[in-house]
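Subject: Structure for your review

Dear colleague,

Please find below the structure that I am handing over to you.

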Amino acid sequence: MRKIGRSDLKNVYDKLLRHFGPQGWWPGDTRFEIIVGAILTQNTAWKNVEKAISNLKAAGALDSPSAMMKLGQRRIARLIRPAGYYNVKAKRLCNFLRFLRSRHDFSLDNLSRLKTPLLRQELLSVNGIGPETCDSILLYAFRRPIFVVDAYTKRIFSRHGLFETGSSYDHIQKIFMDSLLPDHILYNEYHALIVRLGKEHCRKCPNCAECPLSG
DNA sequence: GACCAGGCACATC
DNA sequence: GATGTGCATGGT
């Protein structure tokens, strides 16, 4: 298996892009929908999230943050049932909505005026938004050049020797962000490509002859 | 029926 | 700081 170093990361990206093509992430019509999707997809297959999003849309919950809040936690929980962990996720969505109401007058535009470090800090202060959800929101909803580290990133790149198994989120993120230009389009596509690679090849790693990273 | 999926908070040591 | 556990549905 080929060892991957920091200087290889751009080449790995180019290789994945050639192999899979652009992924067109994040799947979502509005900024609010992307944020909701980021919370719903926590430890959950996206297929299940799609059903929950579709239920929310039909109920008008994605029309605006205040529209969703009016439904209340119990109804939100019922609507997002297909996404799993529906009680905790309904609570987390409500935590975000309360945060948005109290600190930013329900306005994502207000929120988007914050500089990236402060925006990240504020999002992380919401109970239920951890580093990956936060960075997905920063990257995909607010188009900030923040690299998202997920389970696939950890699994694939630790196997290829880029970092130790069990390395912290921040450590792994720093490796990518120190090695790549701060380009939100690059980070967007890279993360999406890693997920695609993980879904299609990860279980065969590290002995997968067809792995696009081995060639 | 077991195992997994685009995490996170909390308890405990 | 590290480790274990609860949360839950739907696809393979």
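The notes below set out the conventions and then the findings.

This is a predicted model, in which local features need pLDDT of at least 70 and side-chain atom pairs count only at pLDDT 80 or more, while totals for chains, interfaces and linings use all residues. Residues are numbered from 1 along each chain as its sequence is written, and chains are lettered from A and ligands numbered from 1 in the order in which they are written.

Domains

Chain A is divided into domain 1 (6–24 + 147–204) and domain 2 (31–141), with bounds that come from an automatic or database domain assignment. Taken over C-alpha atoms, the centres of domain 1 and domain 2 are 25 Å apart. Seven residues of domain 1 and six residues of domain 2 make the contact, where two residues are in contact if their C-beta atoms, placed from the backbone, lie within 7 Å. On the domain 1 side, the largest share, three residues, comes from α12. That side divides into four nonpolar residues, two polar and one charged. Here Ala, Val, Leu, Ile, Met, Phe, Trp, Tyr, Cys and Pro count as nonpolar, Asp, Glu, Lys and Arg as charged, and the others, Gly among them, as polar. Helices (H or I, at least four residues) are DSSP runs, numbered from the N terminus.

The DNA strands

DNA strand B is surrounded by 24 residues, of which the closest are Gln42, Gly130, Glu132, Thr133 and Ala151. A residue is near a strand if its C-beta atom, placed from the backbone, lies within 6 Å of it. The surface near DNA strand B comprises 11 nonpolar, 10 polar and three charged residues.

Around DNA strand C lie Asn43, Thr44, Ala45, Lys47, Asn48, Arg81, Pro82, Gly84, Tyr85, Tyr86, Asn87 and Val88. The elements with two or more residues in this surface are α3 (46–58) and α6 (86–104); α6 gives the most, with three residues. Five residues of the surface near DNA strand C are nonpolar, five are polar and two are charged.

A residue is buried if 20 or more other C-beta atoms lie within 10 Å of its own, exposed if 12 or fewer, and partly exposed in between, with C-beta atoms placed from the backbone.

Pro182 is in the loop between α11 (169–179) and α12. Pro182 counts as exposed because 12 other C-beta atoms lie within 10 Å.

The nonpolar core

The largest nonpolar core has 51 residues, and those with the most contacts inside it are Val36, Ala52, Leu56, Ile80 and Ile137. Such a core is a set of buried Ala, Val, Leu, Ile, Met, Phe, Trp, Tyr and Cys residues joined through C-beta atoms within 7 Å. Each of domain 1 and domain 2 supplies at least three residues to this core. Leaving aside neighbours within four places in sequence, Leu56 is in contact with Val36, Ala61, Leu62, Leu79 and Ile80. Val36 is one of the buried residues of α2, together with Ile35, Gly37, Ala38, Ile39 and Leu40. The buried residues of α2 pack against α3, α6 and α9.

Backbone points to check

Most residues other than glycine have a negative phi, and most peptide bonds are trans. The bond from Trp25 to Trp26 is cis, with omega near -5 degrees, and Trp26 lies in the loop between α1 and α2 (31–40). Tyr85, in the loop between α5 (73–79) and α6, has a positive phi of about 45 degrees. Tyr85 is partly exposed, with 16 C-beta neighbours inside 10 Å.

With kind regards
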